[in-house]
Amino acid sequence: MKAARFSRFGGPEVLEIVDLPDPHPGPGQIRIAVRAAGINPSDWKKRQGLMDEELPQTMGYEAAGVVDELGAGTDEVAVGDRVFGFSAEEGAQAELAVLSYYAPIPPSLDFPAAAALPAAIETATRALDQLGVASGNLLLISGASGSVGSAAVQFAVARGARVIGTASPANHEYLHSLGAEPVAYGEGLVERVRALAPKGVDLALDVAGSGVLPELIELAGGPEHVVTIADFAGAQEHGVKFSRGDGGRALHVLGEIGELIESGRFSLPVAQTFPLAEIAAAHRVSEDGRVRGKIVLVVGGAPIPESR
């Protein structure tokens with residue numbers, strides 16, 4: 001099978017499409033013929049050597065496709081079903097991928113839209129669960145217009161929370177459409193939030209990692225009311241919880257998201273799609289950080305959406 005890999009650390013030019021042996025599912029796992037795979041910031045951080053030291057590395061851990069092989073003891077899906085989820089040991093940016101956690105693709109979604117979901121919805125749900133976001137809470141989300149931030153906004157609103165979200169002015173209308181009250185990030189953030197919430201907020205989530213933890217702590221009344229998914233050093237410095245997947249993942253959301261999507265209460269835009277062979281270009285766009293929504297690789301027989 002064809003798969004994305006790098007054998008040395010560096011820029012997007014180190015990415016290769018190589019031939020690798022076909023993977024096979026173990027007990028409780030499934031294999032899919034991949035039709036689309038999501039790109040995440042962790043992909044290019046790994047490629048730069050900022051996360052893992054081993055070489056070579058195959059790429060990707062979220063995908064959508066068609067079941068083509070079942071592991072032992074797997075009876076909740078059948079060969080031919082459309083599913084999305086997380087790969088067993090990365091390597092999802094390939095023609096075939098083994099998934100350990102998966103769910104049926106919501107009927108209204110195509111493969112790229114489904115591949116955009118797993119990492120964003122799991123990360124957002126995990127952070128909200130750790131904060132204990134519930135009906136009646138006032139939640140501040142720093143970096144609310146990206147894929148994880150916008151997922152967190154929609155989940156919090158669905159839980160009955162009031163949400164204030166920071167974003168650039170160009171994204172304020174988008175945040176309004178998701179049910180959040182937008183404010184601009186940057187200097188003067190505390191004053192702008194207090195204009196909407198004079199007593200501060202109940203809880204705060206840092207998605208952007210832009211050095212705002214002191215302001216979030218002030219607004220939320222203490223570090224115990226703040227979670228960050230993006231500022232590990234700041235979390236250590238200020239006593240804030242850093243949310244990471246190895247501390248328990250919110251995989252339950254894979255099976256729950258379909259109802260929200262089909263009822264019109266959740267959407268996650270696909271910003272741009274690229275063929276697997278153009279993965280270097282996809283990394284450049286992701287690293288630039290100026291897109292709203294997910295970047296997705298299209299694999300195999302899935303058509304490239306006309307919007308690209």
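Modeller: The model is predicted, so local features need pLDDT of at least 70 and side-chain atom pairs count only at pLDDT 80 or more, while totals for chains, interfaces and linings use all residues. Residues are numbered from 1 along each chain as its sequence is written, and side-chain values use heavy atoms, with hydrogens and water left out.

Biologist: Why is the pair of Tyr61 and Phe86 called stacked?

Modeller: Rings of Phe, Tyr and Trp (its six-membered ring) pair if their centres lie within 6.5 Å; planes under 30 degrees apart count as stacked, over 60 as edge-to-face and the rest as tilted. By this rule there are four aromatic pairs. For Tyr61 and Phe86 the centres are 6.4 Å apart and the planes stand at 10°, so the pair is stacked.

Biologist: Where in the chain do the two partners, Tyr61 and Phe86, lie?

Modeller: Helices (H or I, at least four residues) and strands (E, at least two) are DSSP runs, numbered from the N terminus. Tyr61 is in the loop between strand 4 (57-58) and strand 5 (62-70), and Phe86 is in strand 6 (residues 82-87). The pair links distant parts of the chain, 25 residues apart.

Biologist: What makes Phe86 count as buried, and which class does Tyr61 fall into?

Modeller: Buried means under 20% relative accessible area, exposed means over 50%, and partly exposed lies in between (1.4 Å probe, protein chains only). Phe86 has 2% relative accessibility and therefore counts as buried. Tyr61 has a relative accessible area of 21%, so Tyr61 is partly exposed.

Biologist: How do you know that Phe155 and Phe266 form a stacked pair?

Modeller: Their rings are 4.9 Å apart centre to centre, with 20° between the planes, and the pair is stacked. Phe155 belongs to helix 4 (residues 147-158), whereas Phe266 is in the loop between helix 9 (252-262) and strand 14 (270-275); the two are 111 residues apart. Phe155 has a relative accessible area of 7% and is therefore buried. Phe266, at 4%, is buried.

Biologist: What makes you say that the charged end of Arg82 sits over the ring of Phe111?

Modeller: A charge sits over a ring if NZ of Lys or CZ of Arg is within 6 Å of the ring centre and within 35 degrees of the ring normal. The charged end of Arg82 is 5.3 Å from the centre of the Phe111 ring and sits over that ring. Arg249 lies over the face of Phe86, 4.4 Å from the ring centre.

Biologist: Why are helix 3 and helix 9 called roughly perpendicular?

Modeller: Axes are lines fitted to C-alpha atoms, for helices over the stretch in contact, and angles run from 0 to 180 degrees between N-to-C directions. Angles under 35 degrees count as roughly parallel, over 145 as roughly antiparallel, 65 to 115 as roughly perpendicular and the rest as oblique. Helix 3 (residues 118-131) packs against helix 9 at about 105°, with the axes 10 Å apart. The two helices, helix 3 and helix 9, are therefore roughly perpendicular to each other.

Biologist: Which residues of helix 3 and helix 9 meet?

Modeller: Contact means heavy atoms within 4.5 Å. From helix 3, Pro118, Ile121, Glu122, Thr125 and Asp129 meet His252, Val253, Leu254 and Ile257 of helix 9.

Biologist: What makes Glu218 partly exposed?

Modeller: Glu218, found in helix 7 (residues 213-220), has a relative accessible area of 48% and is therefore partly exposed. Leaving out residues up to four places away in sequence, Glu218 touches Val190 and Arg194. Glu215 is also found in helix 7, and its relative accessible area of 30% makes it partly exposed. With residues up to four places away again not counted, Glu215 touches Leu189 and Val190.

Biologist: What is noted about the backbone at Pro56 and at Glu90?

Modeller: Most residues other than glycine have a negative phi, and most peptide bonds are trans. The peptide bond from Leu55 to Pro56 is cis, with omega near -10°, and Pro56 lies in the loop between helix 1 and strand 4. Glu90 has a positive phi, near 60°, and is placed in the loop between strand 6 and strand 7 (96-104).
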